[in-house]
Amino acid sequence: MKATKNDHVCEDEVYASIFKTHSKTVYNYIYYKFGNEEKAYDAVQEAFVKLWENCSKVAPEKAKSFVYNVANNLYLNVIKAEKVRLKYAEYAAPIEHEAPDFILEEQEFKEKLDRALQNLPELQRTTFLLNRIDGKKYAEIAEMEGVSIKAIEKRMHLALKTLRENIDGI
Amino acid sequence: MQENYLAKWLNNELSEEEVIKFKATKEYATYQKIVETTKGLSAPKFDMDKAWNDLKKAKTVAVPEEGSKVISLNPLKKYLRIAAVVALMVSVALFYNNSLDERISTQYAERAEVVLPDASEVVLNAESKIRYSKEKWAEKRSLSLSGEAYFKVAKGKRFSVNTPDGTVAVLGTQFNVESRKGYFEVSCYEGLVSVTYRDKEIKLPAGNSFLVIDGEITPTQHPSTTEPAWLSNESTFKSIPLRFVFEEFQRQYNVKVSTKNIDESQLFSGSFSNQDIELALQSISVPSQIKFKFEGNKVLFYAKAP
């Protein structure tokens with residue numbers, strides 16, 4: 001089969017567009033796993049350098065799972081998860097209308113949620129956050145992780161269940 | 001409710017009836033709140049421009065392996081070329097042969113998850129090793145294991161796990177194998193597993209375990225969970241001699257365990273956390289009525305001399 005020139009990963013434009021679309025997700029993906037910003041940044045570098053080195057062998061439609069795979073394998077066996085720090089968006093809503101105990105309650109809930117997220121098994125946390133923060137569909141996460149959609153649904157289900165149990169203190 | 005209904009709910013895939021039923025549960029409020037609150041979450045900032053610039057620097061060093069064409073100014077004579085190709089093929093073949101097997105291992109206090117070429121999943125517990133051949137995987141799904149691992153096998157041909165103690169074979173299922181010094185345990189969580197131990201084949205249906213301690217087949221209770229406890233960061237034991245409990249503790253926390261005045265063959269039933277060492281120490285020592293000292297990376301379990 002003859003490949004046209006511009007669907008080749010070695011083409012600068014194609015390569016750049018893959019980078020634009022996926023670098024942030026690779027970064028978040030590794031961050032959710034290990035809670036280390038530096039390692040997540042390095043994983044992005046490593047994954048895309050490897051993609052460049054292998055650009056002639058990787059079909060553009062495979063480039064996505066290629067970079068996730070490289071990033072994921074980079075730390076296999078190597079590091080333990082640290083604390084995953086996430087930020088809550090500051091709502092511009094007029095909070096002065098809210099009762100102080102409501103705000104306090106909100107704050108408490110966020111703290112509980114943080115702790116519960118922290119205690120989730122790595123796979124569940126990664127899947128849950130990729131879906132909630134990055135808005136990734138189950139099918140996309142399944143492709144990234146190289147497992148079935150059902151496996152991802154199971155992780156999502158367990159993640160929510162565990163979070164609730166932790167928060168309600170069961 | 002259907003399987004994984006929480007995941008379906010998030011994806012708006014529940015039927016109206018199911019939604020009504022779900023909303024009526026007392027847990028619903030918290031679920032709703034979790035989903036609402038996570039809407040405001042964000043990951044740490046990622047500086048894409050910086051990453052792109054750093055990457056450009058790295059790219060100039062790295063070269064695509066079959067990228068641009070090179071025109072030789074001094075082409076080799078034909079026979080020399082052929083000789084070079086042959087030499088290269090021989091060395092590639094040799095190298096290939098030597099690097100055929102994939103090896104994945106974990107150290108103390110580590111865990112790893114591996115996806116095999118057919119999308120079967122393996123989770124390795126601490127201080128465990130697997131070896132398999134990627135190239136031959138399509139013909140023969142076979143790997144060797146030392147240590148402990150949980151398998152989720154994709155449906156297909158026979159899948160076998162070889163350990164120094166025995167061989168475990170399945171078609172497609174979920175099971176856990178632990179093969180340590182003096183200890184061999186297989187638990188089946190789904191489907192049917194066949195265990196060959198000392199040339200005898202034992203069929204293990206879902207919800208059953210097979211345990212050998214120091215060469216002796218030991219009757220054991222059936223797993224009551226749907227997954228081994230260590231996947232949720234707990235180590236569980238049912239009537240297991242203390243020495244194996246100590247060994248697992250060492251592996252999970254990367255500490256050195258020593259004992260004094262303790263009968264290590266005493267049976268232990270219970271579990272310990274793989275995340276909180278203080279709690280784990282309590283969980284082992286209190287039911288066994290022993291004491292412990294914990295300093296640096298050393299733990300001493302002891303009992304008062306009788």
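**Chain B and its surface**

Author: Of the 306 residues in chain B, 41% are buried, meaning under 20% relative accessible area, with exposed over 50% and partly exposed in between (1.4 Å probe, protein chains only). This is a predicted model: local features need pLDDT of at least 70, side-chain atom pairs count only at pLDDT 80 or more, and totals for chains, interfaces and linings use all residues. Residues are numbered from 1 along each chain as its sequence is written, chains are lettered from A and ligands numbered from 1 in the order written, and side-chain values use heavy atoms, without hydrogens and water.

Chain B has 7 helices and 19 strands. These are DSSP runs numbered from the N terminus: helices are H or I with at least four residues, strands E with at least two. Take its contacts (heavy atoms within 4.5 Å). Among those with a separation of 6 or more, 42% join residues 24 or more positions apart.

Now the surface. Chain B exposes about 17800 Å², and carbon and sulfur atoms supply 53% of that. Areas come from the Shrake-Rupley method with a 1.4 Å probe; for residues, only the protein chains shown count as cover.

I82(B), V86(B) and V90(B) make a nonpolar surface patch of about 260 Å². Patch residues have over 30% relative accessible area and no salt bridge (a Lys or Arg side-chain nitrogen within 4 Å of an Asp or Glu carboxyl oxygen). Nonpolar side chains (Val, Leu, Ile, Met, Phe, Trp, Tyr) are joined within 5 Å, like charges within 9 Å. V90(B) sits in helix 5 (residues 78-98) of chain B. Its relative accessible area is 46%, so V90(B) counts as partly exposed.
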